[in-house]
Amino acid sequence: MSRIVSLCVVICCLSAGFAQQASTGTPASSNTGVPALMSFASTLRDANGKPLTGVTGVTFLLYKDEQGGSPLWMETQNVQPDKSGHYTVMLGSSTSQGMPRDVFVSGEARWLGVQVVGEQEQPRVVLAAVPYSLKAGDAETIGGLPASAFVLANGTNGSTTSAGTGTSPSATPVTKPAHPPVTGKGVVNFIPMWDKTSDIVDSLIFQKSSQIGINTKAPAATFDLNGKGDIRDTLTLFPKGTDSTLAVSGTPFNIDNTGNVTFISGQTFPGTGTITGVTTASGSGLSGGGTSGTLNLSVDPNVIPGLAAPNTFTNTNAVNVNSGAPALTLQNASGDGLDIYPGTGSDGVYIPRNAGQYGIVAYGGSAEGGYFNGPVAGSYSVNTTDGNGSAAAYGQEFGSTQITYGVVGYSASNLGIGTYGQSVSASQEGTARAGSSAIGVWGDTGDPNGTALFGSADDGIALYAVNNSRGLLTAYFENAESSANTYSVLATYGSQFAGECVIDVSGNLFCNGSKSAVVPVDGGGRQVALYAVESPENWFEDFGSGQLSNGVVTIFLEPTFQQTVNSDADYHVFLTPNGDSHGLYVAQKTATSFEVREQGGGTSSIAFDYRIVARRKGYEEIRLADKTQLMNSSRPKRAEGPRSVMPTELGIGKAHEPGLRAARPAQLVVNKK
């Protein structure tokens, strides 16, 4: 179903009757025709729907039907839209005659099409009633002829009477027209011609809307000549915009708007020419020539390189183009594409700052995209941008189904480091220990509050270590602090529940939760926790069994247990008889033994169990030690606020010539442990 769209079309229709002079009431000396112009407003957009804002060539076409058919009228104008693509034009303003009036005479619907140069024609819209006011122009004529054409040639056969004065018919005689009317018949749209002095017939010129044809009734352009033509004087062509000045239909032959000629394939030029002489200039690379006969020219390969020959260039050269294609393409089916040998202290390839998006983009055929080898560093990257997410080197692997690596570091040395990452500065500890063994990944920082190695994960394992080494540790942590024996070596912390354990440099383990053993029960169907007994002092305990002999026995402390406790200090012995007795007691204690007797001077030989509790050696004076500072200061502080976003593929820096030009870092020198 078609839509009637109001297009802000305004027709300036001025009737000839309105041009009469009101003061005299006499007819105007000339008729003013209806201006055949239409004001049209719309919006220009490209194929992607984006507004067009520059000066744009637009063709307007008037059709009889909504779809198909040939245009009744068309014209092209240069349109200047605003920033939103909106524009307003006066249709018909490209010619002095304006729009043809006969296209609206029939009263049928008319459809307007709009086509941007180089684009498809936009869907047509039906015109509202306003343009049909052009039909009012018929009021000035009778059958398209002025009223004077119907005045009788013989003035005596009629008379006029002034309605304003009421005078008699004979008072004002009719003036005989200067040009008597003509007669004739013709076909619509043909330009008439005089076949006699008083008769008109059709000519060979046919006009359809704004298109004129000679010897054709179907002109396909503004001017369409069907037949041969001769021009007996200068022909000057004025191309419109970038349109061709001259073209031959069906062939590539073309003369553009600047006069450049495009010839057809295999173009030949008839005739023979005469060369009066060939001379060569010094330094041109050409030698030979002459003024007659067959001339020979030689090319100096030291000046003019040969396309199919090896060449050596000994001076600077520049390639400067403006094209979507590569400025230089190198191809070698069996060797290197380009070998570069820079001088000492110079760069092999230098790409200045802001030179495109990426300095170098390389893709490997069956291996790496780039291979770099140097005596100090195979590859050196630097980024001088101070911003969140800035990176000197960025590795990203987009494979999603296989075992892939974003960055791989490798060292073949048994004292080397596969990947080394340093923040702020190198640490003294790392410098002293590097070179003691092979290291896969080394994180290092000399910043007092820095983190040498950091792992983070969401619903994953942040740090995972595994080995199958005999006698070697899976993980090793060392704090070389020597000023106090209470500093931490390892801390664990549950941020949501505040559970924490700390191991200090003295080997002490402190936890604010329980210390338990988990033991399987029910044939392994369940595992239960057995909690350790806590004490305000540091006690070690041992268990054993003995038996009285005539009411007395001496129990010696187990030698190894004796070395772990201070048995010179008071220790505790708890006795449990394994039968009926008068009761048991400890008669005396020494550093190496204690004596057990039966109460009341009993002489039984009853068996018994005992439990010894003694203070740990070196911890005799510690009771309820205050570890508040240790538990509160061991956690690393998280940065407040949002974390910086990791860089994306397009977030890499573009070019860094200040850093590239700066002195390269000296090779790392470390001492072996």
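A residue counts as exposed when its relative accessible area is over 50%, and as buried when that value is under 20%. The model examined here is predicted. Ile360 has a relative accessible area of 59%, so Ile360 is exposed. This residue is found in a loop. The loop runs between strand 16 (297-299) and strand 17 (417-423).

Ile360 also belongs to a nonpolar surface patch.

Aromatic side chains were examined next. The structure holds 7 aromatic pairs. One of these is formed by Phe40 and Phe60, whose ring centres are 5.8 Å apart. Their planes meet at 75°. Planes over 60 degrees apart count as edge-to-face, so the pair of Phe40 and Phe60 is edge-to-face. Phe40 lies in strand 1 (residues 38-43), while Phe60 lies in strand 2 (residues 56-63). The pair therefore ties together parts that are 20 residues apart in sequence. Phe40 has a relative accessible area of 2%, so Phe40 is buried. Phe60 has a relative accessibility of 0% and therefore counts as buried too.

Phe60 also pairs with Tyr87. Here the distance is 6.5 Å from centre to centre. The angle between the planes is 45°, and the pair is tilted. Tyr87 lies in strand 4 (residues 86-91) and Phe60 in strand 2, so this pair ties together parts that are 27 residues apart in sequence. Both Phe60 and Tyr87 are buried. Phe40, Phe60 and Tyr87 form one aromatic cluster.

A further part of the model concerns strand pairing. Strands of a sheet pair through backbone hydrogen bonds, and the pairing is either parallel or antiparallel.

Strand 29 covers residues 607-615. Strand 29 and strand 24 pair in the antiparallel sense over 9 bridges. Within this sheet, Gly546 stands opposite Phe608 in strand 29.

Definitions and conventions:
Residues numbered from 1 in each chain as written. Predicted model: local features only at pLDDT ≥ 70, side-chain atom pairs only at ≥ 80, totals over all residues. Heavy atoms only, no water. Patch = residues over 30% accessible without salt bridge, like charges linked within 9 Å, V, L, I, M, F, W, Y side chains within 5 Å. Areas by Shrake-Rupley, 256 points an atom, 1.4 Å probe, with all protein chains shown as cover. Salt bridge = Lys/Arg side-chain N within 4 Å of Asp/Glu carboxyl O. Helix = DSSP H or I, 4+ residues; strand = E, 2+ residues; numbered from the N terminus. Buried < 20%, exposed > 50% of the residue type's maximum accessible area, 1.4 Å probe, protein only. Pairing = 2+ DSSP bridges. Phe/Tyr/Trp six-rings, centres within 6.5 Å; stacked < 30°, edge-to-face > 60°.
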